[in-house]
Amino acid sequence: MCGIVGYVGIRQAFPILIEGLEKLEYRGYDSAGVCILKPGRSYGQPGSMEIIKTEGRVSRLKSLAAGKDTIGTCGIAHTRWATHGNPCAANAHPHVSMSGNLAIVHNGIIENYRVIKNQLLERGYVFTSDTDTEVLVQLIDYYYKSNGHVLTEAVRSALGRCYGAYAIAVTEREDPEHIVVARKASPLVIGIGEDEKEYFIASDATPMIEYTHKVVYLDDDQIADVRPGKDIALTDLVGVKADVTVHEVDVDISMLSKGGFPHFMLKEIFEQPDCLRDCMRGRVILGDREEDNRIVLSALRDCHDRLVNAKNIIIVACGTSWHAGLIGKQLIEQLCRRRVEVEYASEFRYRNPVIEPDDVVIAISQSGETADTLAAIGLAKKAGALVFGIVNVVGSSIARESDTGIYIHVGPELGVASTKAFTGQVAVLVMLALALGFELGTLDRKEYCRTISELAAIPDKMKETLQTNDYIKDLSKIYTYASNFLYLGRGFNYPVALEGALKLKEISYIHAEGYPAAEMKHGPIALVDANMPIVFLATHHQLYEKIISNMREVQARNGRILAIVTEGDEEVRTIARDIIEVPSTIALLAPLLSVLPLQMLAYHIAVLKGLDVDMPRNLAKSVTVE
Ligand code: F6R
């Protein structure tokens with residue numbers, strides 16, 4: 001979703017801003033723009049602003065800028081994911097106030113923009129776009145004019161009148177070495193350059209890693225005044241000074257490149273064995289004897305009593321993270337014998353849900369910035385429940401809003417379609433359920449220790465599974481013809497069926513649905529014919545025989561079956577048209593292996609269709625608006 005980049009300091013801003021936008025491309029966008037501040041002719045003279053905007057990619061913005069004067073050491077830039085108004089140059093950011101004094105880039109939505117726009121229209125303001133953002137910059141301009149051109153105060157006054165979500169960066173023509181930033185429910189990070197001679201601004205830390213690892217995460221309702229050579233001045237919406245806390249970002253620049261793979265998605269699929277090792281490091285402890293195996297989770301130690309005594313466990317998440325949550329429900333119910341509900345965060349937040357102070361709300365999110373999940377956390381906190389975050393991005397809003405939690409530690413995920421985050425989330429949920437179940441006494445030592453050994457073996461088995469990539473690539477050629485797919489699974493493989501279908505539809509634009517296999521007879525079977533590929537998750541686990549029966553029902557109707565099976569399976573081979581083998585493991589770990597062929601299948605079908613796998617149409621990596 002929209003990306004903000006800003007720079008003020010000693011270097012030329014334009015290349016930093018463009019490279020920053022390129023690093024944020026993974027978030028998904030449909031237009032882009034940049035504003036470079038130009039100093040006045042002599043000291044104290046107002047400068048000017050060079051604004052370049054376009055529909056489409058950053059590469060187009062770069063070509064457009066080729067003939068323009070982009071010299072300057074301060075600027076702001078943006079990639080826009082359209083919410084108000086279609087994607088076009090006029091709606092792209094930065095937006096400039098009618099006076100030409102101010103420019104703004106904005107992520108989020110100003111919900112009451114219509115009311116404010118009408119008031120500004122009455123005062124003679126003229127608008128050139130359909131966006132809520134232009135309304136905000138005009139409102140800031142209104143206060144700027146009336147307060148004697150004090151930008152920070154004008155921003156404060158304007159934001160005091162806005163509802164909704166925002167991360168903004170505002171620049172002024174009169175002071176071309178100054179950026180004011182603010183946030184509410186939309187992420188914003190300030191990077192501190194050497195000796196504070198320069199500052200970097202962005203929606204997440206990726207654009208600034210090359211220059212600095214020292215960052216400040218803005219909290220909700222904070223405004224920061226950023227000037228080179230001066231400390232960041234941080235205040236809240238009423239002007240009270242806030243402390244500036246500097247964090248170190250632990251991301252290596254090499255993690256942000258494709259490392260020889262044609263797409264981030266394929267790289268991330270192949271990273272999964274190493275990611276799971278990272279995720280389990282220091283948490284899965286193998287003893288010399290199996291009975292000495294254990295799981296160590298600091299979150300369980302820190303909030304032991306509240307976790308052990310949890311009355312209900314509610315998992316909130318969206319998309320792929322919600323699918324991981326469905327697996328978490330089965331894990332916790334099976335190993336801990338606690339009732340678990342799994343909720344779409346977007347529904348939960350508006351449903352007046354029953355949350356009690358002794359409940360635990362587990363929020364799962366790769367980005368840690370999903371607006372609906374953040375709002376669900378807000379509700380949980382209000383009700384006094386313990387909020388437990390399972391997050392990838394360190395320092396993200398959900399990580400900071402959670403009372404405790406576990407980072408999945410799979411490294412930056414840049415492909416829009418989530419892959420390694422899903423397996424990281426499932427691995428964390430397995431560890432949590434094992435540790436909690438053992439603590440509660442609902443899981444005996446033998447099963448606890450044996451499952452830990454099986455979990456530790458998963459990275460190697462993932463590596464083995466990834467060797468099917470070439471075979472799946474060939475197989476994909478047969479399946480690109482399809483316009484509908486059905487994915488069916490049961491037990492732990494049911495959420496994997498949902499995830500496989502989601503992966504296919506988001507990057508190949510083929511309609512796909514996931515179902516619990518037995519539900520097929522209650523409707524979807526009507527769709528089955530010789531043109532309809534049906535992917536069965538048929539690994540050798542609980543309900544295997546029943547899955548076989550479901551397959552025979554499809555076979556009887558000429559459906560084309562592609563089955564994911566445990567290696568050595570002979571029976572499914574006689575029913576399915578195509579099979580993909582995965583190594584054997586126990587049922588509760590099956591998703592960690594069976595999802596990999598589905599990720600590869602979706603990837604290869606999309607590539608064969610010539611689609612932009614890493615940046616599928618309409619999708620955003622970090623969904624910071626509801
Ligand atoms: C699908 C995908 C999305 C995200 C969803 C939640 O591949 O990536 O469905 O899972 O937008 O995002 P996070 O996990 O960042 O909260």
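These legends describe close-up views of a predicted model.

**View 1**
Helix H6 covers residues 264-280. Of the 17 residues of H6, 13 are buried, so the helix is largely enclosed by the rest of the structure. After H6 comes Gly 282, with a positive phi near 75°.

**View 1. Glu 268 inside helix H6.**
Glu 268 belongs to helix H6. Is this residue buried or exposed? Glu 268 has a relative accessible area of 1%, under the 20% limit, so it counts as buried. Setting aside neighbours within four places in sequence, Glu 268 is in contact with Pro 412, Glu 413, Leu 414, Gly 415, Thr 419 and Lys 420. With Leu 414 there is a close polar pair: the backbone nitrogen of Leu 414 lies 2.6 Å from a polar atom of the Glu 268 side chain. Thr 585 is 317 residues from Glu 268 along the chain, and their C-alpha atoms are separated by 22 Å.

**View 2. The five-stranded parallel sheet.**
In what order do the 5 strands of this open sheet stand? The order is S23-S22-S24-S25-S26, and the pairing is parallel. Strand S23 (511-516) and strand S26 (578-582) stand at the edges. Each has a single partner strand, so one side of each is left without a neighbour in the sheet. Neighbouring strands are turned against each other by 20° on average, direction ignored.

**View 3. The S25-S26 pair and the helices on the sheet.**
Strand S25 (residues 560-566) and S26 run parallel, joined by 5 bridges. Thr 566 stands opposite Val 582 in S26. Which strands does helix H16 (residues 469-479) touch as it packs on the sheet? They are strand S22 (484-489), strand S24 (533-538), S25 and S26. The direction of H16 makes about 150° with that of S26. Helix H18 (residues 544-555) packs on the sheet too, touching S22, S24 and S25. The direction of H18 makes about 165° with that of S24.

**View 4. Thr 404 and the S20-S21 pair.**
Thr 404 lies in strand S21 (residues 404-407). Strand S20 (residues 386-391) runs parallel to S21, and 4 bridges join them. Gly 389 stands opposite Gly 405 in S21. Which residues make up the covered face of S21? Thr 404 and Ile 406 do, while Gly 405 and Tyr 407 form the uncovered face. Thr 404 has a relative accessible area of 12%, below the 20% cut-off, so it is buried. Not counting residues up to four places away in sequence, Thr 404 touches Ala 299, Cys 303, Leu 386, Val 387, Phe 388 and Gly 389.

**View 5. Lys 503 in helix H17.**
Lys 503 is part of helix H17 (residues 494-508). Lys 503 is buried, with a relative accessible area of 1%. Which side chain makes a polar contact with the side chain of Lys 503? The partner is Glu 506, at 3.2 Å. Leaving aside neighbours within four places in sequence, Lys 503 is in contact with Met 265, Thr 320, Ala 417, Ser 418 and Ala 602. Leu 443 is 60 residues from Lys 503 in sequence and 34 Å away in space, C-alpha to C-alpha.

Pro 94 sits in the loop between strand S4 (74-80) and strand S5 (95-96). A cis peptide bond joins His 93 to Pro 94, with omega about 0°. His 149 is in the loop between helix H4 (132-146) and helix H5 (151-159). Its phi is positive, near 65°, in a residue other than glycine. His 149 is partly exposed, with a relative accessible area of 29%. Tyr 509 is in the loop between H17 and S23. The phi of Tyr 509 is also positive, near 60°. At 25% relative accessibility, Tyr 509 counts as partly exposed.

How values were computed: Residues numbered from 1 in each chain as written. Predicted model: local features only at pLDDT ≥ 70, side-chain atom pairs only at ≥ 80, totals over all residues. Heavy atoms only, no water. Helix = DSSP H or I, 4+ residues; strand = E, 2+ residues; numbered from the N terminus. Expected span 1.5 Å × (residues − 1). Buried < 20%, exposed > 50% of the residue type's maximum accessible area, 1.4 Å probe, protein only. Pairing = 2+ DSSP bridges. Axes fitted to C-alpha atoms, helices over the stretch in contact; angles between N-to-C directions. Contact = heavy atoms within 4.5 Å. Polar contact = N/O pair within 3.5 Å; in protein donor to acceptor, adjacent residues only side chain to side chain.
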